[in-house]
Amino acid sequence: MPPSEEVLVHARGLTKRFGEFTAVDGVDFDVRTGEAFGFLGPNGAGKTSTMRMIACSSPISEGELSVIGMDPRRSSAQIKSRIGVVPQIDNLDAELTVRENLLMYARYFDIPGEIARQRTDELLDFVQLAERATDQVDPLSGGMKRRLTIARSLINDPELIILDEPTTGLDPQARHLVWERLYRLKQRGATLIITTHYMDEAEQLCDRLVVMDKARIVAEGSPRDLIEQYSTREVLEIRVSDAVRGTLNGLLDAIADRVEELPDRLLLYVGDGERALETVHQRQIPLESALVRRATLEDVFLRLTGRSLIE
Amino acid sequence: MTVTSLAPAARVLQRNLWVYRRTWRGSMLGSFLTPLLYLTAMGVGLGTLVSTSTAAFEGYEFVHFLGPGILAATCMQSAVFESTFPVLGKIAWRRNYEAILSTPLDVRHVLAGELLWVGFRVLSISSVFLLVLTLFGIPKWPFAILAVPSAILMGLAFSSVIIAFAATQRNGEGFSWVFRFIINPLFLFSGTFFPLTQLPDAVQWVAALTPLYHGVALVRGTVLGEPAFLGAWPLHIGYLVIMLAIGWTIAHRLLKRRLLS
């Protein structure tokens, strides 16, 4: 289902302060119905604080926020009854079984028993945990707990699902399984808001995203737009010895649109990576290694902030 | 609290009851054995030595005096315990409240739900206790049934204050302090084992200001059907109701600050 123009979450000048510290500094964004919207940024950028304000679990310090057309300051119970939340740290009920976790959560939403049981069974199937239904939660793997948390967030059939770093801490296989489930949700027309500091996650899942850094939004667009706007198509990564690095000044600027110097390697932003590599060879610059790759959101972030996403 | 906010609070109680389904047998056995052991060891064993004059115990045999006192003190201990580690665990370690607050429930419902749970625990503990006291021929029925709501009121008053304290804690260290320096002294010096008049004059009035003293007085008066103890019942009830109201207000504020920051 293509995203519509209807705005589900609307923020203007949204601000969160903790005493002297400003966690979110006047951000503006609109999330449209049916889209997967991402907040990409390093830890401490203000992503989680923004999420928590949307989820009505953190009071707004200043600015305007509307969620499904309602004001979190006045209608938190109504908003919460129509959204699903997957927090960064799992908060499943360790004293209940897998199935009881979903049934009990349904009770909090006041969902009638018959519907609750039916949805619980469907959701356990959806997240591939039906076989573990009567198990306790603690022995489940990290990926299973995450999937159960996602199933729990769907118990009230929410219009909006908020996921705070849904795959942080999971092994690659478990991540892919979570991504695949989220992709299915998206196909069914769910609106997703996802925070992440993984650029591959943002590229895989998000139709549109904002890049956050130091409490502010520094860029906005689709992953492809952002890469086109802030990076070249390809990147040539080279490693050289320190002695060689000292002799390079200016030499690479002639080859690349832009050069980014990282402690362990140099990134050359170029339209054609193979040709640039040829040129480097022609200039007889001794390389320890070289790699040509597509530009990613990581490069966008580096360009915008001068820092890597995961430090 | 309105009726509409009691229904969501009952969900929080229900959650605790679901967990309790797995442990209730052991818990009930404990509720039965505690009074039995106390009354046998202290009431009958020690009591036969100290009960030479009933005058010392307001005209009652020692075991009659002691039984209701231990009932109140045991209910206090359970209410306090339920409000310490289990509550802090749900705030900080297992984060149950965070999960619950992502649903339409709010902090009010969480607090009311936990108090309903404490009320349920005190209800079952005091009922079993009354049955054991009956084996010793102590309660004066049917008046004694009022000991149950009395114990519940006292339990809720303690619980609300301790939940407020739990909302300020990072780890469990503060609780051992509470048990060592507040709950244990209360247990010993609130008229549980002996009348306050046995204490030096200077500390009698301090003991009379403690919440357990008022709980013990209410429970003893109702169990024994003794107007002499109950003469001050509006004072005892008033004290505990005010404590509950203050505890509720502070607990609500502190939980809100802790959970919705």
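Helices (H or I, at least four residues) are DSSP runs, numbered from the N terminus. With that label scheme, work through the exercises below on this predicted model.

**Exercise 1. Explore helix H4 of chain B.**
Task: Find which residues of helix H4 (residues 85-93) of chain B are buried, and what they pack against.

Solution. 
- Step 1. List the buried residues. They are Val87(B), Leu88(B), Lys90(B) and Ile91(B).
- Step 2. Look down the axis of H4(B). The buried residues fall within an arc of 160°, so they line one face of the helix.
- Step 3. Find the partners of that buried set. They are helix H3 (62-83), H5, helix H6 (107-135), helix H7 (147-166) and helix H12 (233-259) of chain B.
- Step 4. Step off the end of the helix. Just after H4(B), Arg95(B) has a positive phi of about 60°.

**Exercise 2. Order a four-stranded sheet.**
Task: Do likewise for the open sheet of 4 strands in chain A.

Solution. 
- Step 1. The order is E11-E12-E10-E13 (chain A), with antiparallel pairing.
- Step 2. Strand E11 (258-261) and strand E13 (289-294) of chain A are the edge strands, and each pairs on one side only.
- Step 3. Neighbouring strands here are turned by 20° against each other on average, direction ignored.
- Step 4. Strand E10 (residues 234-239) and strand E12 (residues 266-270) of chain A are antiparallel over 5 bridges. Ile238(A) stands opposite Leu266(A) in E12(A).
- Step 5. Helix H10 (residues 273-282) of chain A packs on the sheet, touching E10, E12 and E13 of chain A. Its direction makes about 35° with that of E10(A).

**Exercise 3. Examine a covered strand.**
Task: Decide how many residues of strand E3 (residues 36-40) of chain A are buried, and name its pairing partners.

Solution. 
- Step 1. Count. In E3(A), 5 of its 5 residues are buried.
- Step 2. Sort them by face. Ala36(A), Gly38(A) and Leu40(A) lie on one side, with Phe37(A) and Phe39(A) on the other. Both faces are covered.
- Step 3. Find one partner. E3(A) pairs with strand E7 (residues 191-196) of chain A in the parallel sense over 5 bridges. Phe37(A) has Ile193(A) as its bridge partner in E7(A).
- Step 4. Find another. E3(A) also pairs in the parallel sense with strand E8 (residues 208-213) of chain A, over 4 bridges. Phe39(A) stands opposite Val210(A) in E8(A).

**Exercise 4. Classify Ser58(A).**
Task: Is Ser58(A) buried or exposed?

Solution. 
- Step 1. Locate Ser58(A). It sits in the loop between H1 and E4 of chain A.
- Step 2. Recall the cut-off. A residue is buried if 20 or more other C-beta atoms lie within 10 Å of its own.
- Step 3. Apply it. Ser58(A) has 21 C-beta neighbours inside 10 Å, so it counts as buried.
- Step 4. List contacts, leaving out residues up to four places away in sequence. They are Lys16(A), Ser49(A), Arg52(A), Met53(A), Leu260(B) and Ser261(B).

**Exercise 5. Describe where the chains meet.**
Task: How many residues of each chain are in contact, and of what class are those of chain B?

Solution. 
- Step 1. Count both sides. 19 residues of chain B are in contact with 21 residues of chain A.
- Step 2. Name the helices. Helix H1 (3-20) and helix H5 (96-101) of chain B each supply at least two residues of the side that touches chain A.
- Step 3. Sort that side by class. It has 8 nonpolar, 5 polar and 6 charged residues.

Technical notes:
Residues numbered from 1 in each chain as written. Chains lettered and ligands numbered in written order. Predicted model: local features only at pLDDT ≥ 70, side-chain atom pairs only at ≥ 80, totals over all residues. Pairing = 2+ DSSP bridges. Axes fitted to C-alpha atoms, helices over the stretch in contact; angles between N-to-C directions. Contact = placed C-beta atoms within 7 Å. Nonpolar A, V, L, I, M, F, W, Y, C, P; charged D, E, K, R; others polar. Buried ≥ 20, exposed ≤ 12 C-beta atoms within 10 Å, placed from the backbone. Arc of directions from axis to C-beta.
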